[in-house]
Amino acid sequence: MAANLTPQYYKAEEAYRKAQTTPEQIVALQEMLRIIPKHKGTDHLQGALKSKLKEAREAYQAELKTPKGGKSYRIPRQGCGTVVVIGAPNSGKSRLVSELTNASPDVAEFPYTTREPTAGMLEFEGALIQLIDTPPISGNQIEPYLIDFVRTADLVLFCFDGSSDDAPQETADVLRQLETRKTVLSEKTGFDPADFSIVHVKSRLILTRSNNPEAGIRQELLQEVRPIEFPVIPTDLDFEEQRKELAKSIFEALDKIRVYTKRPGEPVELVDPYVIPNGGTVEELAHRVHEEIAISLKFAKVWGQADHDGQAVGREHVLSDLDIVELHS
């Protein structure tokens, strides 16, 4: 029997996956249990959620009693998406974050330069995206806190050095390190339907130094060592056009749209767009602008490629990238 989970349930599931503290996890799990459809098709999932909730409550009680120790980092989420950049030593992670954002991570030709996570903001045509550089992962080393960074990311950029003969095996080692910790890099994000403890995270393999003559061969070797089942983006950060294309690919992978708003009777200013999920509606935009506007909203006028200029639409109208919207309440 199909589970037929609702959009509200998936929203609560996303909140659970992105939770940065145990109390946040508990609240999200309680909400998931509250709104999950109650029928035979969800019996197994309900049981898994109850087990997770019990574990989270026990973990929280243990946290209260245990002195804190070891490294722990928490970077507040910013922008329209959080993108975590990972990879083996010297795979080009820090260079990527340095070239695309305002951050200044240590960049060097020798490995293990990055010792702690560093965040920066990528600006892509009005949209701000948070990129986080992370310490390298190897076959015998991974910082424990990195698992939470990866599992809560909106997108993972997994760097693969196209100029290194060691890259195929090192990249396979990183995947193994993650998968032994029930974290799987995938084409899309979600919990594994067969095991709720396994998290799949939307990812892109970034083939750095892709202009190296043998980069393609090394990528093929990686597929033989450990097949990659998510998209590959080749790039060479020495070239501005390729940096721009990479920024565009990152925004598109987040599956967001930019929407501009204007007041009735006033010209539009094409700055600081609202960024909402692809498939977002006029009502969703109104909630982002102000809750009172969303409550009193009567209709909207939309200008864009998919609509006639100034067309009047209702709350459920699906918006497109770069639409201009005039909200009437």
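In this predicted model, helix 1 and helix 2 run roughly antiparallel to each other. Helix 1 covers residues 7-18 and helix 2 covers residues 22-35. The angle between the two helices is about 165°, and their axes lie 8 Å apart. Angles over 145 degrees count as roughly antiparallel, and the pair is therefore described in that way. The crossing of helix 1 and helix 2 is left-handed.

The residues that join this pair can be located in the structure. Helix 1 contributes Gln8, Tyr9, Ala12, Glu13, Ala15 and Tyr16. Their partners in helix 2 are Gln25, Ala28, Leu29, Glu31, Met32 and Ile35. Sorted by class, the contact of helix 1 with helix 2 comprises 8 nonpolar, 2 polar and 2 charged residues.

Because lysine 18 and glutamate 14 are 4 residues apart in helix 1, about one helical turn separates them. In total, the structure contains 18 salt bridges.

Attention now turns to helix 4 (residues 93-100) and helix 8 (residues 240-253). The axes of these helices come within 11 Å and cross at roughly 95°. An angle of 65 to 115 degrees counts as roughly perpendicular, and helix 4 and helix 8 are therefore placed in that class. On the side of helix 4, the contact is made by Leu96, Glu99 and Leu100, while helix 8 supplies Arg243, Leu246 and Ile250. The contact of helix 4 with helix 8 has 4 nonpolar and 2 charged residues, with no polar residues.

A further pair consists of helix 6 (residues 167-179) and helix 7 (residues 215-225). Their axes come within 8 Å, and the crossing angle is roughly 40°. Helix 6 and helix 7 are therefore oblique to each other. Helix 6 passes helix 7 in a right-handed crossing. The residues that meet here are Pro168, Gln169, Thr171 and Ala172 of helix 6 and Arg218, Leu221, Leu222 and Val225 of helix 7. By class, the contact of helix 6 with helix 7 has 5 nonpolar, 2 polar and 1 charged.

Helix 1 and helix 2 are roughly antiparallel, helix 4 and helix 8 are roughly perpendicular, and helix 6 and helix 7 are oblique.

Methods. Residues numbered from 1 in each chain as written. Predicted model: local features only at pLDDT ≥ 70, side-chain atom pairs only at ≥ 80, totals over all residues. Heavy atoms only, no water. Axes fitted to C-alpha atoms, helices over the stretch in contact; angles between N-to-C directions. Parallel < 35°, antiparallel > 145°, perpendicular 65-115°, else oblique. Left-handed = near helix turned anticlockwise from the far one by under 90°. Contact = heavy atoms within 4.5 Å. Nonpolar A, V, L, I, M, F, W, Y, C, P; charged D, E, K, R; others polar. Salt bridge = Lys/Arg side-chain N within 4 Å of Asp/Glu carboxyl O.
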